[in-house]
Amino acid sequence: MTDHDVTVLRLGHRPGRDERMTTHVGLTARALGADRVVMAGSARNQTDTVVDITDRFGGPFAVETTDEPKRFIREFDGAVVHLTMYGEPIQDVIEDVRADREAGPLLVVVGAEKVPFEVYEHAEYNVGVTNQPHSEVASLAVFLDRLFEGQELDREWEDPDRVVVPKETGKKVVEPGDGDED
Ligand code: SAM
């Protein structure tokens, strides 16, 4: 796997309606291998939860905001993938997307409400995770897992305050370095 960064842009956010969804876009981006999430201006409050989880469970993972998401897309120095139910099937394009990430950074755009048509036009790839309507969180999760071919599941986290020890039953969370992590 190359080291070129994967950024997720949460485009659009309806205050009061999208709070949890926007937070979950950030958490899913982090957990499934992206390097950074960028949230549009009105989603600023949602960044706190993602920063807090990164502080507690480890990184690196960057959380940023932008007041100009369309400009952010236009000026992104790399390939742009827009996840949309109207796009080409992910299984048909993911190898080309991976090749583009070999060459440089990747921007993955997920919407909330109607996405402006200029985003469809600017994106190198409009990608459907099925051509059925569902959710930005689900489409992002499947996209990242296909992009990284499952390798993100074995990722090591740096500087966590706590580590979950997988158990067949029950919950076990330890502090790193107490010898109980394996
Ligand atoms: N009608 C909206 C539109 O114009 O795209 C869809 C809104 S949907 C609730 C919110 C976001 O979920 C979309 O912008 C897209 O990023 C993502 N999404 C929903 N279904 C998808 C699918 N089948 N494949 C890829 N992304 C999807």
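Before counting, I noted that helices are DSSP runs of H or I with at least four residues, and strands are runs of E with at least two, numbered from the N terminus. On that basis I found six helices and eight strands in the chain, bearing in mind throughout that this is a predicted model. Reading along the sequence, I wrote down the order as β-α-β-α-β-α-β-α-β-α-β-α-β-β. I then checked the radius of gyration, which is 17 Å and close to the 16 Å that the globule rule gives for 182 residues, so the chain is as compact as a globular protein of that length.

Of the contacts between residues at least 6 apart in sequence, 80% join residues at least 24 apart.

I counted 20 positive and 38 negative side chains, the centres of the two sets lying 7 Å apart.

Finally I turned to helix α4, residues 90–103, whose 14 residues should span 20 Å at 1.5 Å a residue; the end C-alpha atoms are 19 Å apart, which agrees. Which residues of α4 are buried? I listed I90, V93, I94, V97 and R101, and among the elements that cover them I recorded β1 (6–10), β4 (79–89), β5 (106–110), β6 (125–128) and α6 (136–148).

Note on methods. Residues numbered from 1 in each chain as written. Predicted model: local features only at pLDDT ≥ 70, side-chain atom pairs only at ≥ 80, totals over all residues. Heavy atoms only, no water. Rg over C-alpha atoms; globule rule 2.2 N^0.38 Å. Contact = heavy atoms within 4.5 Å. Lys, Arg positive; Asp, Glu negative; His and termini not counted. Charge placed at Lys NZ, Arg CZ, Asp CG, Glu CD. Expected span 1.5 Å × (residues − 1). Buried < 20%, exposed > 50% of the residue type's maximum accessible area, 1.4 Å probe, protein only.
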